Amino acid sequence: MTQNSNFRIVPLPTEVAEGARHAAQAGASDHATITVDSPTGYPCRHCLQWAKPGEQVILFPYASIPPGRPYSESGPIFVHAAACPRYAATDAYPNEFRRHRVLRAYNASNDMIDAAVVDDAAPESAIERLLENPATAFLQARSVTRGCYTFRIDRV
Ligand SMILES: [Zn+2]
């Protein structure tokens, strides 16, 4: 599928996923290994797929907005406990997360300036609308219910 999208999906960097796996193996108290018990409860931020029941995931805190700013934020995310391929179709919105997401818009200073719920809507049009504001530097897709960071969307 070829798209002329004006955005790029940015999954969790592989080094962050690998670091979480190593920390969990080393017994870090803020890294938990969990066996998945629901088909849509544990989104892996590295491959951008729902982890399947019976698979193991690592739960750990991730600073999606780094420290030192008013909107600095660290929150819980999952990655597969076993190695998985990083999401590669970065010019296409990941199909697994077309529902139950909210998009947050941030400016170049990491300040949140807008947000939109994409439930039951085409996320591409919500992305396009948020990027129409020239102050928007990047977006974050998050769970609409628990608010957990899912992935980042950069302007191309
Ligand atoms: Zn994964």
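How many nonpolar, polar and charged residues does the lining of the largest cavity have? By class, there are 3 nonpolar, 3 polar and 2 charged residues. This is a predicted model, where local features need pLDDT of at least 70 and side-chain atom pairs count only at pLDDT 80 or more, while totals for chains, interfaces and linings use all residues. Residues are numbered from 1 along each chain as its sequence is written, and side-chain values use heavy atoms, with hydrogens and water left out.

**The zinc site**

- Cys44 (SG), Cys47 (SG), His80 (ND1) and Cys84 (SG) coordinate the zinc ion at 2.0 to 2.4 Å; donors are N, O and S atoms within 2.8 Å of the metal (3.2 Å for Na, K and Ca).
- Along the chain, these donors follow the spacing C-x2-C-x32-H-x3-C.
- The site is tetrahedral, with angles of 103 to 116° among its 4 donor atoms (four donors count as tetrahedral if all angles lie between 85 and 135 degrees).
- His80 is buried because its relative accessible area is 10%, and buried means under 20% (1.4 Å probe, protein chains only).
- Cys84 is buried too, with a relative accessible area of 14%.

**The largest cavity**

- About 30 Å³ of space lies in the largest cavity, a set of points on a 1 Å grid over the protein atoms alone where a 1.4 Å probe fits but cannot get out.
- Its lining residues (those with an atom within 4 Å of a point) include Tyr62, Arg142 and Tyr149.
- Strand 6 (73–80) gives the most to this lining, with 4 residues; strands are DSSP runs (E, at least two residues).

How values were computed: Four donors count as tetrahedral if all angles lie between 85 and 135 degrees; four count as square planar and six as octahedral if opposite donors are over 155 degrees apart and all others between 65 and 115; anything else is irregular. Buried means under 20% relative accessible area, exposed over 50%, partly exposed in between (1.4 Å probe, protein chains only). On a 1 Å grid over the protein atoms alone, a cavity is a set of points where a 1.4 Å probe fits but cannot get out, and a pocket is an open set with protein on both sides within 12 Å along at least five of seven lines; lining residues have an atom within 4 Å of a point. Grid points are joined across faces, edges and corners, and a volume is the space filled by probe spheres set on the points. Ala, Val, Leu, Ile, Met, Phe, Trp, Tyr, Cys and Pro count as nonpolar, Asp, Glu, Lys and Arg as charged, and the others, Gly among them, as polar.
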